[in-house]
Amino acid sequence: DILMLFTDGIYEDFSISGKEFGEERLKKSIIKNASKPVHKIVESIAKEVQDWRGKSIASDDATLIGIKYPI
């Protein structure tokens, strides 16, 4: 089981072309990375959002916390 806690700054981040990362893309990223250890899930999602944003400046603060059981 995985519990992901996040603020809207994760999925409301925008690419350089103005496209939103979005909740659906976040959901797909969580599912894609679910077999990894929880710290790797968080790292992978953070990197994916950062890569999506590119050189544009983050428009909001972002928090992402992952909890996985069993560890």
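The legends below belong to a predicted model.

**View 1**
Read along the sequence, the order is β-α-α-α-β. The radius of gyration is 12 Å, close to the 11 Å that the globule rule gives for 71 residues, so the protein is as compact as a globular protein of that length. The C-alpha trace spans about 40 × 20 × 20 Å along its principal axes. Take the contacts with a separation of 6 or more: residues 24 or more positions apart account for 70% of them.

**View 2. The surface of the protein comes to about 5000 Å² of accessible area.**
Carbon and sulfur atoms own 58% of that surface. Of the 71 residues, 27% count as buried. Charged side chains number 11 positive and 12 negative. The centres of these two sets lie 9 Å apart.

**View 3. Helix α3 runs from residue 38 to residue 53.**
This helix has 16 residues. From first C-alpha to last, α3 reaches 23 Å, close to the 22 Å expected at 1.5 Å a residue. Which residues of α3 are buried? They are Ile41, Ser44, Ile45, Val49 and Arg53. These buried residues pack against both strands, β1 (2-6) and β2 (64-68), and against the helices α1 (8-11) and α2 (23-33).

**View 4. Glutamate 43 sits in helix α3.**
Its relative accessibility is 44%, so glutamate 43 counts as partly exposed: the class lies between 20% and 50%. Now find serine 17. Glutamate 43 and serine 17 are 26 residues apart in sequence. In space, they are 24 Å apart, C-alpha to C-alpha.

**View 5. Serine 29 belongs to helix α2.**
Is serine 29 buried or exposed? Serine 29 is buried, because its relative accessible area is 1% and the cut-off is under 20%. Leave aside its neighbours within four places in sequence. Serine 29 is then in contact with Ile45 and Glu48. Ile45 is itself one of the buried residues of α3.

**View 6. Lysine 27 also lies in helix α2.**
Here the relative accessibility is 46%, so lysine 27 counts as partly exposed. How many residues apart in sequence are lysine 27 and methionine 4? They are 23 residues apart. Their C-alpha atoms are 10.0 Å apart in space.

**View 7. Alanine 34 lies in the loop between α2 and α3.**
Alanine 34 is partly exposed, with a relative accessible area of 26%. Which residues does alanine 34 touch, not counting those up to four places away in sequence? It touches Ile2, Ile41 and Lys68. Alanine 34 and isoleucine 2 are 32 residues apart in sequence. In space, they are 7.7 Å apart, C-alpha to C-alpha. Ile41 is among the buried residues of α3.

**View 8. The peptide bond from tyrosine 69 to proline 70 is cis.**
Its omega is near -5°. Where is proline 70 found? Proline 70 is in the segment after β2.

Key
Residues numbered from 1 in each chain as written. Predicted model: local features only at pLDDT ≥ 70, side-chain atom pairs only at ≥ 80, totals over all residues. Heavy atoms only, no water. Helix = DSSP H or I, 4+ residues; strand = E, 2+ residues; numbered from the N terminus. Rg over C-alpha atoms; globule rule 2.2 N^0.38 Å. Buried < 20%, exposed > 50% of the residue type's maximum accessible area, 1.4 Å probe, protein only. Contact = heavy atoms within 4.5 Å. Areas by Shrake-Rupley, 256 points an atom, 1.4 Å probe, with all protein chains shown as cover. Lys, Arg positive; Asp, Glu negative; His and termini not counted. Charge placed at Lys NZ, Arg CZ, Asp CG, Glu CD. Expected span 1.5 Å × (residues − 1).
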